[in-house]
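Trainee: I would like to learn how to read a helix, and then the chain around it. Could you walk me through an example?

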Amino acid sequence: MDQKELISTTIRHLRIFIAVAEAGKMSLAAKSLYIAQPTVSQAVAEIEAEYGVRLFERLSKKLRITQQGQLLLTYARRIVSLFDEMERDMRDAAVPSLLRVGATVTAGAGLLPQLAAQHEASQPQARIQAYVDNTQVVEQMLLRGELDLAIIEGTISSPELTTEPVAEDELILACGPGHPLAGQSCVRPEQLEGQAFILREQGSGVRARFEQYLSDRRIQIQTKWVCHSADAILSAAAAGQGLAVVSELLAEPWFRQGLLRRLPLSDARLTRQFCLVWHKDKYLSPPLLELMDLIRACRPA
């Protein structure tokens, strides 16, 4: 086997190992890769034989990754991601540069569209492919090498990712004009007890920040609506469906038009940072560095 074939085989084995680790079953991994299950089993066995370790424990027809397997998974994801990036950059050198940028919902609605337009206007050869979801989903995509960069407003937990604050946003308690609290100049924590709320889904940075505020004060609320969309939350609050904690960046037009009422909290100002996030092993190409500089210079309108 020549060196090129050896590299190809190694990358293929690592892809199979990653698929098994993520699926938890050989059969599901084989299905996702469109290959036979014996091929999957053989690839895992060959890796285990090569390093003299057990990658998975077989318990009740399920696979549980071992400590050695978890270590290999960390390296395998890095290696495969870098290999794919090299292949893409080398093969697509003659076509416009593609930047895969993730964003959490607020950043995706309030910052990314303008930034993408500015970057593509100044760099005609660059093209941005955007993916917007909650913090947990974006973090996992970065770890799997599916994104080059992200703008998030939640908390990143993985030490494999680098974060850099670039701007601040405030979370505002808001309600519709007809809500019983609408006329108040501020709201005390105890007034939130039992109130109906319109919240983001679990995994959202906004929800996590507000739930921590409630937990610190032992306040229980009623979760009436759960929405992935910031616009859905704003619309539901304006229609009197409950209280909402929303980004000032996104809610400001609704406040100006009188569709929502701002309710300052008497005991806290809830702020969070918009952050640039990228994998610590990511190669920062010139187009990507230019986009990062543009994001660093941004300020929410």
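Mentor: Gladly! Keep in mind that this is a predicted model. Let's begin with helix H8, residues 205-216.

Trainee: Which residues of H8 are buried?

Mentor: Buried means under 20% relative accessible area. In H8 this applies to Gly205, Val206, Arg207, Phe210, Tyr213 and Leu214.

Trainee: And what caps the N-terminal end of H8?

Mentor: Ser204 does: one of its side-chain oxygens sits 3.2 Å from the backbone nitrogen of Val206, a residue that is itself buried. Just after H8, look for Arg218, which has a positive phi of about 55°.

Trainee: Now the whole chain, please. How many helices and strands does it have?

Mentor: There are eleven helices and eleven strands. The C-alpha trace spans about 75 × 55 × 30 Å along its principal axes, and 44% of the 301 residues are buried.

Trainee: How do I read the contacts between residues at least 6 apart in sequence?

Mentor: Ask how many of them join residues at least 24 apart; here the share is 73%.

Trainee: What about the surface and the charges?

Mentor: The accessible surface is about 15900 Å², with 52% belonging to carbon and sulfur atoms. As for charges, 33 side chains are positive and 35 negative, and the centres of these two sets are 5 Å apart.

Notes: Residues numbered from 1 in each chain as written. Predicted model: local features only at pLDDT ≥ 70, side-chain atom pairs only at ≥ 80, totals over all residues. Heavy atoms only, no water. Helix = DSSP H or I, 4+ residues; strand = E, 2+ residues; numbered from the N terminus. Buried < 20%, exposed > 50% of the residue type's maximum accessible area, 1.4 Å probe, protein only. Contact = heavy atoms within 4.5 Å. Areas by Shrake-Rupley, 256 points an atom, 1.4 Å probe, with all protein chains shown as cover. Lys, Arg positive; Asp, Glu negative; His and termini not counted. Charge placed at Lys NZ, Arg CZ, Asp CG, Glu CD. Expected span 1.5 Å × (residues − 1). Polar contact = N/O pair within 3.5 Å; in protein donor to acceptor, adjacent residues only side chain to side chain.
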